[in-house]
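Colleague: Please take a close look at one part of this model with me. I would like a connected picture.

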Amino acid sequence: VSARAAALAASALKRSDAAAMAGLSGAVLVTGSAGYLGAALCMTLDHLGIEYVGVDIVEAPTVHRRHHIADVPALRQSAAGCAAILHAAALHAPHATAWHADEFARTNVDGARALLGLGLPMVHTSTTSLTITPRAKRREASGELLWLDHTAVAPDGARAASEDDAPRNKYGRTKHAAERACVEAAAAGADVVI
């Protein structure tokens, strides 16, 4: 991510959104701040003059604190003084062969729950990968055009999912579970969007 890309991203924000972010009473906690999306978010915030605290498990220029997002005590320390969360941390497809399903669950599901537990407004980034089910793959293979939206796999559990309708891999399944946690938190009054 280049400084030019961050400037373009910052200029694309609606003035009201940029003003609301600049008016926060604290920094923005950015998870996965070494990753492609997280680093871009950090650089955009920096370009806008908005303080952020970057958290990741690896070292990078956009990382201020290194720890796992499911490490609640470390997470609370990192979030001290923060007013909002941009949650981009995740284990995803490139990690599939190197990480066990339990670590996907710890990062993607337990991490999201830990962040929700902070009680801060949060933007949870998800993935279209959770909509790629065995049924969707068969329909695609037959040449059918698919429209994948929030109804493809209902994060609120409104549609009972069979194995045929469940996300096809540990990344999609754990991101789906994290979305469900966010929907449940929002229904209980949390300030969270997916």
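In which sense do β4 and strand β5 (residues 122–124) pair, and over how many bridges? Please go on from there to the surroundings of β4.

Modeller: Keep in mind that this is a predicted model. β4 and strand β5 pair in the parallel sense, over three bridges. Within this pairing, Leu86 stands opposite Val123 in β5. A helix belongs to this picture too. β4, helix α5 (residues 101–116) and β5 make a right-handed β-α-β unit.

Now take the other partner. Strand β1 (residues 27–31) also pairs with β4 in the parallel sense, here over five bridges. Val28 stands opposite Ala84 in β4.

How enclosed is β4? Strand β4 covers residues 82–87, and six of its six residues are buried, so the strand is largely enclosed by the rest of the structure. Buried here means under 20% relative accessible area. In a regular strand, side chains alternate between the two faces of the sheet.

Next, look at a helix. Helix α3 (residues 36–48) has 13 residues. From its first C-alpha to its last, α3 reaches 18 Å, close to the 18 Å expected at 1.5 Å a residue. Buried residues in α3 include Gly38, Ala39, Cys42 and Leu45. Just after α3, Gly49 takes a positive phi of about 80°.

Ile57, Val58 and Trp99 make a nonpolar surface patch of about 250 Å². Val58 lies in the loop between β2 (52–56) and β3 (65–66). Val58 is partly exposed, with a relative accessible area of 41%.

Notes: Residues numbered from 1 in each chain as written. Predicted model: local features only at pLDDT ≥ 70, side-chain atom pairs only at ≥ 80, totals over all residues. Heavy atoms only, no water. Patch = residues over 30% accessible without salt bridge, like charges linked within 9 Å, V, L, I, M, F, W, Y side chains within 5 Å. Areas by Shrake-Rupley, 256 points an atom, 1.4 Å probe, with all protein chains shown as cover. Salt bridge = Lys/Arg side-chain N within 4 Å of Asp/Glu carboxyl O. Helix = DSSP H or I, 4+ residues; strand = E, 2+ residues; numbered from the N terminus. Buried < 20%, exposed > 50% of the residue type's maximum accessible area, 1.4 Å probe, protein only. Pairing = 2+ DSSP bridges. Right-handed = clockwise from strand over helix to strand, strands pointing away. Expected span 1.5 Å × (residues − 1).
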